[in-house]
Structures are given as structure tokens and as C-alpha cells.
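Trainee: Please take one part of this model and go through it closely. Then set that part beside the rest of the fold, with the residues named.

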Amino acid sequence: MPSPYRAIFSAPGTKGFSAAGFFGRMPLSMMGIGVVTMISQLTGRYGLAGALSATLAMSAAVCGPQVSRLVDRYGQRRVLRPVTLVAVAAVAGLLICAQQGMPEWTLFLFSVGAGCVPSVGSMVRSRWAEIYRGSSRDLHTAYAWESIVDEVCFIFGPIISIGLSTAWFPEAGPLIAAGFLLVGVFWLTAQRATEPVPHPKSQHSGGSALRSRGLQVLVATFVATGAIFGGVDVVTVAFAEDRGHKSAASLVLAVYALGSCLAGAVFGLLHLKGNPATRWLVGVVAMAVSMIPLQLAGNLPLLAVALFVAGLAIAPTMVTTMALVEAHVPRTKLTEGMTWTSTGLAVGVALGSSAAGWVVDAAGAKAGYAVPVAAGALAAVVAFLGYRRLAGPATTGGRGEDERHLRTDEDEHVA
């Protein structure tokens with residue numbers, strides 16, 4: 001492991017909560033694609049599969065920030081465990097209804113419950129932020145490490161989910177995803193020493209973290225970015241099935257995540273200067289442009305190459321996003337702020353997967369790649385329009401403002 005990464009794990013407890021976070025985040029890459037694979041195998045309907053995946057994502061988008069707001073107030077252990085049990089019970093109901101061929105409304109009902117999962121990635125990143133709040137260099141490396149963990153989940157998650165659902169039984173992927181969630185959350189919340197201290201209600205002034213103008217730009221852009229990811233997932237499964245190798249979709253999607261993983265590993269080693277908002281804008285534009293070659297891929301190997309290149313822009317953009325969230329969101333609402341970016345992605349995944357499913361049903365798999373292309377163009381436009389909000393000074397009590405107040409207080413004390 002390169003020295004910057006080794007250094008961040010010198011703090012007690014960091015290895016444990018990062019490992020638990022890995023297991024807790026596996027469902028992020030397994031559940032949606034597992035439901036798509038399960039429903040497409042049981043019914044052959046990609047429109048229904050995409051709609052259920054969208055319901056999962058929309059439910060997570062609605063519930064995630066609310067769960068994180070409660071976590072900021074009451075702590076991770078008190079909130080995450082009961083929420084996780086509810087989500088796992090809903091997944092069980094979804095699988096039983098799908099296996100028994102029950103009415104479609106029951107599938108959507110349990111999908112809503114199954115989407116009520118905590119944003120485990122935000123919980124882990126908030127622990128890193130608490131430990132390395134005074135060291136931007138170490139925190140940059142920690143965020144890069146967590147982006148690598150995210151991408152490792154997306155490398156192995158689809159392989160496990162699609163592979164088990166196609167080789168074992170259709171419900172296997174979502175079932176194992178629920179197991180990962182249960183293990184990860186309970187392991188993470190058992191580690192009390194590194195859990196951020198909750199902030200009393202009296203410190204939570206000003207309403208939601210989403211009132212930050214900078215966070216609004218990040219979330220809006222991530223809605224379009226999420227549509228890229230949701231569209232790519234659904235269309236790639238359909239594209240692979242058209243070529244007679246449906247199970248290979250997991251390998252192709254793993255290559256997509258591998259590109260991001262490698263880029264994130266290199267990005268974490270760099271000590272970058274300059275405005276992070278500019279780096280973020282370049283990353284969003286790069287993701288948009290990288291969707292264009294997908295239209296030209298005529299077979300799975302070429303598609304894998306195109307997705308690998310496209311993945312190179314993902315992790316660096318995500319790392320920079322977390323730094324911008326920390327700068328523009330008050331410290332007492334950091335977990336909620338980080339979750340709002342995940343919410344934007346979840347909404348986008350819902351829209352992208354649903355749209356892609358209908359396009360595949362109507363015009364075929366290859367035509368479906370027009371969805372991520374359009375989503376990428378929209379993300380770039382929103383990022384350009386909102387760039388000034390991110391490039392300017394934070395006005396919501398984020399890290400930068402906290403530091404300015406700290407220096408002011410010190411000066412007054414000296415005087």
C-alpha cells in the first residue's frame with residue numbers, strides 16, 4: 001500500500017470501520033442490478049425490472065437524508081440498526097412476492113421498504129472527517145480510499161449478484177445483498193470509539209443541509225450523473241443478453257468500476273492545488289464525453305474497453321465532491337450533506353434505469369445507450385451553470401467558514 005494510504009490507517013479503529021463499511025456498501029452495487037436480473041429472468045420484462053429498480057432508488061433518495069439527519073442528532077448506532085432491520089424485512093417480502101408471482105403492486109410496495117437503507121458510505125466518511133478534520137491532506141487520501149472501496153464494491157457486487165441470480169436461482173442476488181447490509185451495519189455500529197459524537201438538537205439551526213447553495217449544485221448535477229449509472233447498468237444487461245451472454249454483463253460492469261478504482265487510487269496519491277470546483281467541473285464534463293463511444297460498441301469486448309475508459313473520470317470526481325460538501329455544509333450537518341449527494345445519485349439512477357428499461361423494450365438494447373449519453377450532456381450543462389456557486393466562498397458554515405471563525409476567535413483572544 002502506498003505510504004499516504006498506510007498513514008491514514010495509523011489512527012486506531014480506522015481499519016475496522018472501513019472494512020465494515022465495505023460490507024455495508026455492497027448492496028449499493030448489488031440490489032438494483034440484482035432486482036433487474038431477477039425480474040427479467042422471472043418475467044422477461046425489462047420495463048418492469050427497471051421500474052422496480054427505480055422504486056428502490058427513489059425510496060433510498062427520500063429516506064436516506066432523513067436517516068442521516070437523525071444520525072447527526074442521535075448517533076449512528078441508535079438509528080442505523082432499526083432502519084436496517086426494516087429494510088432487510090422488506091427485501092424478504094419482495095423476494096417472496098416475486099418468486100410466488102404475486103400482483104405487481106406488492107413488488108412495488110416491498111421495493112419502497114427495501115429502499116429505506118442507510119447511506120453507509122456517508123457514515124464511514126463522517127468518521128474519517130471526525131478523525132482528520134484538521135488535516136486536509138490526510139482527509140483527501142481518506143476520501144480517495146473510500147472511493148476505491150466504492151469501486152471495489154461495484155467491481156465485485158454485480159459479478160456476485162448477476163452471477164448468483166443466473167447460475168443459482170433468480171432471487172439469490174438480492175438475498176445476498178441483504179445479508180451484506182445486515183453484517184456491515186451491525187459491525188460498523190458495534191465500533192463505538194470512532195463513532196462521531198451526535199450534535200444536540202439545539203445546534204441544528206437553519207433547517208436542512210440542502211439550504212446550502214453549493215450543495216444544491218452538487219445534488220442537481222448528481223441526479224444527471226446517477227442517470228448515467230442507472231442507464232448503463234440496465235442497458236448493459238440487455239446488451240449482453242442480446243449477444244447471448246447475459247452473465248457476462250457482470251464482468252463488463254466490473255471493468256467499468258475497475259477504471260474508476262484505478263483512477264481513484266492514483267488520485268489519492270496526488271497533492272493537488274488550485275480550486276477544487278474547477279477539478280470537479282472537468283470531471284463531470286469528462287464523464288459526459290466518455291458516454292459517446294458506447295454508441296459505437298458492437299460487441300462485449302469493445303463495450304468493456306469503452307466502459308473502462310469512461311470509468312476513469314468517476315472516482316476523482318467523487319473524491320472532489322466530498323471535499324466540496326465538507327467546505328459548503330455546516331459541521332453539525334455533515335452526514336446529512338454527504339447523504340444528499342448520494343440521494344442525488346439515487347434519484348438519477350431511478351430515472352436512468354427506468355428510462356433505459358423502456359427504451360430497451362421499445363427500440364432494443366443498443367438504442368438504450370442514448371439514455372446515458374443524454375444524461376451526461378445534462379450533467380455537464382448543470383455543472384457549468386452552477387460552477388460559480390461552488391467556486392465562490394462557502395456561506396453556510398462549512399469547514400472553510402469554521403476555520404475563518406476559529407482564526408478570528410484566536411486573534412480576539414490574543415488582542
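**Glycine 21 and the packing of the helices**

Mentor: Once neighbours within four places in sequence are set aside, glycine 21 is in contact with Val120 and Val124. The model is predicted, and what follows should be read as a description of that prediction. Glycine 21 belongs to helix H2, which runs over residues 14-43. The relative accessible area of glycine 21 is 0%, so this residue counts as buried, the cut-off being under 20%. Proline 330 lies 309 residues from glycine 21 in sequence, and the two C-alpha atoms are 24 Å apart in space.

With residues up to four places away in sequence not counted, serine 68 touches Met123, Thr335, Glu336 and Thr339.

Next, the cores. The largest nonpolar core holds 116 residues, and Ile39, Trp128, Tyr256, Trp280 and Leu303 have the most contacts inside it. Helix H9 contributes the most to this core, with 16 residues. Domain 1 (14-194) and domain 2 (208-391) each supply residues to the core, so the core lies between them. Tyrosine 256 can be followed residue by residue: beyond its neighbours within four places in sequence, tyrosine 256 is in contact with Ile228, Phe229, Val232, Met291, Leu307, Phe308, Ala310, Gly311 and Ile314.

Helix H15 covers residues 370-391, 22 residues in total, and spans 31 Å from first C-alpha to last, close to the 32 Å expected at 1.5 Å a residue. At leucine 385, H15 bends by about 45°. Its buried residues are Val371, Pro372, Ala375, Gly376, Ala379, Ala380, Ala383, Gly386 and Leu390. These buried residues pack against four named helices: H9 (213-242), H11 (276-289), H13 (314-328) and H14 (334-363).

How values were computed:
Residues numbered from 1 in each chain as written. Predicted model: local features only at pLDDT ≥ 70, side-chain atom pairs only at ≥ 80, totals over all residues. Heavy atoms only, no water. Helix = DSSP H or I, 4+ residues; strand = E, 2+ residues; numbered from the N terminus. Expected span 1.5 Å × (residues − 1). Bend = angle between axes of the 7 residues up to and from the residue. Buried < 20%, exposed > 50% of the residue type's maximum accessible area, 1.4 Å probe, protein only. Contact = heavy atoms within 4.5 Å. Core = buried A, V, L, I, M, F, W, Y, C linked by side-chain atoms within 4.5 Å. Domains from an automatic or database assignment.
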